[in-house]
Amino acid sequence: MSDELKLVEAAKRGSVDAFTELVHGYREGLFRFLQTRCTNHADAEDALQDTLINAYRYIGSYDPRWRFSTWLYRIAIRNAGRLRAENLAELGEHADDSADPLAHCLAESERDNLWRSAKRILSDEVFTAMWLRYVEDMSVRDIASVLERSASWTKVNLLRGRRALEAEMNDTAGTTGSEAYG
Amino acid sequence: MDKLASKLREDANRIDAQVSAQLDNRIRASLNAIEPESALQRKAARRPVSFWLASSLTGITAALAIIAVLNMTDSNEPEPMPRTVVGNTAPAVGIPVLDLDIEAATLTSPLARELEDLQADLKKAEELVRGDVRIDL
């Protein structure tokens, strides 16, 4: 049995320490990802907290045939989506869903970050697929599982996202970037 | 690793993802306040298989009983027409109420015929009113 599975088993028996150790390696990446999905820093913090609480509460339902990160990201995406929907419902027409959530967590000198462009030109799902592929090194199968999509959809949209970002990266002559892919 | 992949990874690492000590404490406190739902609890919350079997059988039995009762009471004789007293619902003041005892019509003829009859009735009523009031409608 791997160390991760031992920690999962201990967490299932109610060990907070084991769970904390289990998620320690994923926490930073998860928070980084959530900052791209939430509308502000506070929401990203709430989403991270909710994700870890839900993961601990329902760890009994975790199937070890899947990667733990796949399961964790699935919960994170749901929590981020729920928070965003709550924000929209609460603020109504005052909610600015198109606001750039990455702006607050990037230094001024690093504002030409490609993920900001990705956020602008890709749909949420394609953005997530690209993130899971290129940052989290997930397989197409795992990404499809996280997004609850088919492997074919995932492959096609990874390719589309890739082409769009390559064009964005190479395009120096003022791209409007209004076209959404996926 | 190609240029795009390395750029994406590099740019992702530039995003500040420092979990503050305050958030860390908050998460820790929340985790200590809850317990994972055990497999036993989940099983207990679920209905046993016998429950679904019993409810399915009850449903099927009830459906069969209703079909049987309907078949037993069903006969070829036409049901008697309900008798409707029209005058009871009319207002008592001003308009003389005719105590009509009407039987509900059985729509055996096509709807077109019914429509023609109604139009004829309307025309007759119109002529009657014209005669009484002596004005053109």
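# Reading the helices, core and interface

Q: What pattern does chain A follow along the sequence?
A: Chain A reads α-α-α-α-α-α-α-α. This is a predicted model, where local features need pLDDT of at least 70, side-chain atom pairs count only at pLDDT 80 or more, and totals for chains, interfaces and linings use all residues. As for labels, residues are numbered from 1 along each chain as its sequence is written, while chains are lettered from A and ligands numbered from 1 in the order in which they are written.

Q: What makes each of these a helix?
A: Helices are DSSP runs of H or I with at least four residues, strands are runs of E with at least two, and both are numbered from the N terminus. By that rule chain A has 8 helices and 0 strands.

Q: How do you know that the span of α8(A) agrees with its number of residues?
A: The expected span is 1.5 Å times one less than the number of residues. For the 20 residues of α8(A) that gives 28 Å, and the end C-alpha atoms are 28 Å apart, so the two agree.

Q: What makes Glu148(A) count as exposed?
A: Glu148(A) has 9 C-beta neighbours inside 10 Å, and therefore counts as exposed. This residue lies in the loop between α7 and α8 of chain A.

Q: Which residues of α8(A) are buried, and how much of chain A is?
A: In α8(A) they are Thr154(A), Asn157(A), Gly161(A), Arg162(A), Ala164(A) and Leu165(A). Their cover includes α5, α6 and α7 of chain A, together with α1 of chain B. Over the 182 residues of chain A, 38% are buried.

Q: What makes a set of residues a nonpolar core?
A: The set must consist of buried Ala, Val, Leu, Ile, Met, Phe, Trp, Tyr and Cys residues joined through C-beta atoms within 7 Å. The largest such core has 50 residues, and Leu34(A), Ala47(A), Ala76(A) and Met130(A) have the most contacts inside it. Helix α4 of chain A gives the most to this core, with 8 residues.

Q: How do you know that chain A and chain B are in contact?
A: Two residues are in contact if their C-beta atoms, placed from the backbone, lie within 7 Å. Here 32 residues of chain A are in contact with 25 residues of chain B. α2(A) gives the most to the side of chain A that touches chain B, with 7 residues.

Q: How confident is the predictor in chain B?
A: pLDDT is the predictor's confidence in each residue, from 0 to 100. Chain B averages 77, and 64% of the residues score at least 70. Within chain B, the mean is lowest in helix α3 at 58 and highest in helix α2 at 92. Where pLDDT is low, the predicted coordinates should not be read in detail. The model scores ipTM 0.80 and pTM 0.62.

Terms used: Buried ≥ 20, exposed ≤ 12 C-beta atoms within 10 Å, placed from the backbone.
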